[in-house]
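Hi there,

Here is the structure I promised to pass on. Please have it open while you read my notes.

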Amino acid sequence: MQPEAAEHLDAVTLGQFLAALPRDLTVLHDAGNAGTPLRWVEPSELEDPTPYLLDGEFVLTAGLPFKDDGGTKESADAYVRRLVGAGVAALGFGLQPYFDAVPDHVLSACQTHRLTLVQIPSSVPFAAIGLEFSKLLESGNARVFRQLADTNRQLMRAVLSARPEHELLSALAQRVPVWAQLFGADGRVRARAAAAGTGGTSPAAAVEPSALQPMLKRLLAGNGPRVETDSLPANGSALVFGHPLRSTKDATLGALILGTDRPLTPAQNSVVSSVVGLLELLVRQRTSGSLAPSQLATALLLHPDSLAVGSTRQLNVLRDLLAQSVSGTRSGALRVVQGIRADASAPASSDGPVRELLQWRRLFDTKMVELTDYGFAAVTRLKVDDALLHEVEDLGWRLVVGDPTEMAGLPAAYQRASSLRPRVQASGQSVRVDDVTWSVTGLLGRGAGTMLAARLLEPVLAQEPDRRSSQLSVLKAWLGENGNWDASAKVLGMHRNSVRRQINALGELLAMDLGSAQARAELWIALQYVDGVEPQMPQDR
């Protein structure tokens with residue numbers, strides 16, 4: 001579809017009308033508004049017809065307003081100025097019976113105030129001009145209806161495409177001269193498109209999303225059907241208007257913001273309304289229902305080994321279904337996110353599991369969400385930035401945010417996230433798999449490690465500071481040298497028999513068999529966190 005197709009949805013324009021009139025008519029002054037939509041052709045000999053006019057009319061006069069007192073330069077100037085103020089598209093001046101030619105001061109006034117002026121010879125009656133407009137309007141309406149039918153078919157094809165939101169905006173920009181930006185409930189841009197001449201020839205040239213934030217906040221914060229309007233200094237943005245995308249229960253799920261330099265025709269507004277309705281359908285489907293997850297679940301239930309031994313075609317089908325379920329692409333990275341309620345004793349949401357499920361679907365922009373005994377698990381394409389993390393934490397939850405992976409790596413990614421869940425439950429702090437050191441101490445976390453050190457080394461920590469420090473140094477050096485007496489003595493600067501005596505004494509004090517590999521491993525881990533243990537007062541003997 002060529003960009004010029006947008007003109008097909010306009011009303012009859014001044015340029016189209018003039019081209020359809022007899023060649024005897026002469027355009028004395030072209031104000032450069034050939035694309036202006038015409039509402040009607042109105043003959044009038046009133047000195048001031050503007051109270052009876054609508055914007056976009058073609059006014060016809062035989063020149064009576066310019067006779068007698070109206071024949072001065074000042075009167076002609078005032079007359080034309082009033083027409084322009086009323087939004088008149090053009091003035092048709094009929095020759096005879098009052099004038100043989102258009103007065104110079106009328107032409108001068110039209111040039112000054114930029115009003116298209118057409119000279120009409122006496123051989124062309126005003127009624128013929130009105131009849132020609134009616135015929136053109138009738139044929140134009142039929143053409144618009146055909147174009148609307150074609151547009152609706154194009155919109156339906158866009159909805160059924162692999163990237164329906166992007167394709168819908170692209171179809172809209174082809175048919176209506178606007179730029180368009182689609183926002184999700186999180187305020188992020190989901191899709192952009194722009195018609196030629198409305199902020200550039202590509203979607204990237206449209207208005208920056210930051211300039212639309214005030215309108216976007218109003219759209220996302222309000223409720224009920226409405227249209228927000230504004231005006232921006234950017235090219236193609238004299239008129240900016242936004243539509244909220246609402247759920248069936250009037251929750252705002254996103255917004256569509258459009259910009260143009262001139263008002264849209266009824267036909268163009270009809271296309272915009274259709275696009276808004278289809279986008280609402282898509283966003284509702286994305287947050288509350290879709291065919292893709294059920295197809296994906298059925299495929300994996302009936303063919304559980306398809307991820308491991310499936311053909312390339314089978315894997316691509318599964319990847320496509322998963323991409324649709326997470327609003328992503330086949331090759332896009334995925335993350336496993338696990339949510340744990342910060343206060344485990346807090347009662348479950350009174351809204352019920354369905355409302356909670358829909359909440360996580362909306363926040364993580366995915367339909368792949370499971371409610372679990374510890375909270376929830378989700379597969380998402382989002383990176384889960386700090387803003388989203390804080391939003392979830394403000395709701396009373398803590399997260400384990402998985403590392404990026406592909407479809408085949410999801411089970412392993414889930415296991416990695418699950419291994420960090422006890423750490424989140426113990427510390428009350430969210431954690432990212434990417435930030436974790438994958439060792440025993442890294443996975444254990446400072447909170448749990450400090451508790452282990454306090455419990456396991458309690459008899460040593462209860463001693464006098466000097467003796468406590470000495471014994472901890474001996475124990476750490478001996479364990480670090482894997483129980484080798486000579487190597488430990490060298491590190492400590494002691495005799496090997498002295499090291500042996502102190503280690504035996506520590507074994508008795510801790511009531512542990514220091515010859516056991518498990519005991520040594522537990523003590524070594526505990527020693528990594530001993531600095532975090534609060535000093536204890538020595539017990540009286």
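Predicted model: local features only at pLDDT ≥ 70, side-chain atom pairs only at ≥ 80, totals over all residues.

Residues are numbered from 1 along each chain as its sequence is written, and side-chain values use heavy atoms, with hydrogens and water left out.

**Cores**

The largest nonpolar core has 29 residues. By such a core I mean buried Ala, Val, Leu, Ile, Met, Phe, Trp, Tyr and Cys residues joined through side-chain atoms within 4.5 Å; buried is under 20% relative accessible area, exposed over 50%, and partly exposed in between (1.4 Å probe, protein chains only). Leu168, Leu169, Leu172, Leu256, Leu258, Val275 and Leu279 have the most contacts inside this core. Helix α7 gives the most to it, with eight residues. (Helices are DSSP runs of H or I with at least four residues, strands are runs of E with at least two, and both are numbered from the N terminus.) Leaving aside neighbours within four places in sequence, Leu256 is in contact (heavy atoms within 4.5 Å) with residues including Leu169, Phe241, Val275 and Leu279. Apart from this core lies another, of 25 residues, with Leu472, Ala526, Leu527 and Val530 among them.

**Helix pairs**

The axes of α16 (residues 465-480) and α19 (residues 517-527) come within 10 Å and cross at roughly 125°. Axes here are lines fitted to C-alpha atoms, for helices over the stretch in contact, with angles from 0 to 180 degrees between N-to-C directions. That makes α16 oblique to α19; under 35 degrees would be roughly parallel, over 145 roughly antiparallel, 65 to 115 roughly perpendicular, and the rest is oblique. Among the residues that meet are Leu472 and Trp478 in α16 and Leu523 and Trp524 in α19.

For α2 (residues 73-85) and α3 (residues 104-113), the axes come within 9 Å and cross at roughly 40°, so this pair is oblique too.

**Backbone features**

Which peptide bond is cis? The one from Gln96 to Pro97, with omega near 10°. Gln96 also has a phi near 70°, a positive value in a residue other than glycine, and lies in the loop between β4 and α3. At 38% relative accessibility, Gln96 counts as partly exposed. Val384 has a positive phi of about 60°, but at 1% relative accessibility Val384 counts as buried.

Best wishes
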